[in-house]
Amino acid sequence: MSEKTKNAQAGVMKAAGILVIANFLSSILGYVRDIIISSVFDMSSATDAYNAAFTIPDTIYTILVGGGLSAAFIPVFSGYIAEKKYEDGYRMASTILNIVAIVAAVFCVIGEIFAPQLLPVFVDFSGDHWTPEMIELTVTLTRIMFFQCFFMCLTGICMGILQSYKDFTPPSIGSVLYNITIIGVGVFLLTLGTGIAGFCVGVVTGSIVNLCVQILPIYKHNFKYQRVIDLDHDGVKQFFKLFGPALIGVAVTQLNLIVNRRFASGLDKGILSNMVQAQRIMQLPINIFAYAIAMSIFPTMVEHFATDNMEEYRRDLSLGFRNVTFVILPCAVGIIAIRVPLIRAIYLQGNFSPENVPILATLLAFYCIGMIGYSARQVALQGFYAVKETRTPVAINVFILCLNILLTVIFVRLWGANGIALAYSMAGLASVTTQTFFLHRKVGRINGTEIRDSVLKCAICCAVMFIVTTAGIIIFEHNISVETKTNQLLEVLSLVALGGLTYVMMALVLKMQELTSILAVFKRKFLHR
């Protein structure tokens, strides 16, 4: 391996490390927020209203900025930076920023006015627990949440500019402060008697704080904002050429979640809240590790494709798939193994009812089946976007949406809420399989033998870890009572340590390259210091 390749991989790992730490802190704080809410309100109609209120604003942000940004903005703006065409880059980025601000403002106004008419499209209010008072609460919370759309959309573009400069620190800090603000404002307003609406106000305040954190670092990179909308600019045209298919693809992906939530909202009281919590726990390793790995290799893959260095591009792609599998597969298997102790330790307190523990734990297990699919999918998507291919992911996402709807309709009649979770997981596994197949056809070989061997070794390690962890649960609960919160937390920490140690030991025995590479980096850092 050349020195240049080593430096590139070191840069990728450094970026991934920053994102992993920040995403971990942000996700943990997000769960602290959820734990506080569930402890105060249980999985009730109020929490159903809170989670339903998130649906439309989150959908707008994800479709408008979340996916299209990485697919279209970063490749174009990064190209101008690489070619040192800074003025063209500033003009292109400023145009996109101004357009997004206008469109987001229009959406916010529409949402504030027509929230009562829009909500029934996304939420099934036919259940008995959706009383007129709860529906009115949902409308009110949705109107509050809509204000965050404007600030989060601007934040998304600012983060794209910083990531194009390979500056991942401000976006990472912003996401942490976002959750801290939600918790602080929500708890403070809760003491004033605002109820669950206080946390919605916290969401809006957190989005403002997040935006402020991004602005100053942009100017430190000498970015020059311009009050202009230049639709004839070549970079703007290229952006929209990439953005159109990406917009459709992200919209289709987001519809998968909407399908899940709409079916869940029509079931019994609290099912929607349980499903949202299970999804968030499942998304935790994806947000912390998979997203970080995928985003950290993306600028490097864009650079390699721009310089026609496809061999290094494929090396990055293979590295991304193998690292995601190495980290995510044991997370999924481990969570399935300790699902009941985990839910009991995190949520069983305050007004959270014990009856919800097995419900939430079972939903979580079904969602974790698809964790590796949705994680590896992140890498495959960045692989497509790096070569400026957005049409193929769109076609795949449309197919996956139809598959998810079909499976959901079938499975919900067989297994209720668990069927919804299983359908979502099956769709995720089908998604990454299809994407990998077509990505291989697009860019050629992606070191498939290395990936296959890595997946096989990971599966062996996870099987041993599952057996050891399950035995650990039996031994612990046979000898120690889990009635107290201290013992519940002690059990989870012990099981996580036992499972992690087992997995690492097995990886060492099998001489897995992913682990030895990580250890080598730490060793070099330690010896250097």
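Are tyrosine 90 and phenylalanine 223 buried or exposed? Both are buried, with buried meaning under 20% relative accessible area, exposed over 50% and partly exposed in between, for a 1.4 Å probe and protein chains only.

Before I go on, a word on the model. It is predicted, so local features need pLDDT of at least 70 and side-chain atom pairs count only at pLDDT 80 or more, while totals for chains, interfaces and linings use all residues. Residues are numbered from 1 along each chain as its sequence is written, and side-chain values use heavy atoms, leaving out hydrogens and water.

Now to the rings. The structure holds 13 aromatic pairs; rings of Phe, Tyr and Trp (its six-membered ring) pair if their centres lie within 6.5 Å, and planes under 30 degrees apart are stacked, over 60 edge-to-face, the rest tilted. Tyrosine 90 and phenylalanine 223 make an edge-to-face pair, 5.4 Å centre to centre with 85 degrees between the planes. Tyrosine 90 sits in helix α3 (residues 86-122) and phenylalanine 223 in the loop between α6 (197-220) and α7 (234-265), so this pair ties together parts 133 residues apart in sequence. Helices here are DSSP runs (H or I, at least four residues), numbered from the N terminus.

Next, phenylalanine 150 and phenylalanine 151: their ring centres are 5.5 Å apart and their planes at 80 degrees, so this pair is edge-to-face. Phenylalanine 150 is partly exposed, at 26% relative accessible area, and phenylalanine 151 is partly exposed at 22%.

Methods. Helices (H or I, at least four residues) and strands (E, at least two) are DSSP runs, numbered from the N terminus.
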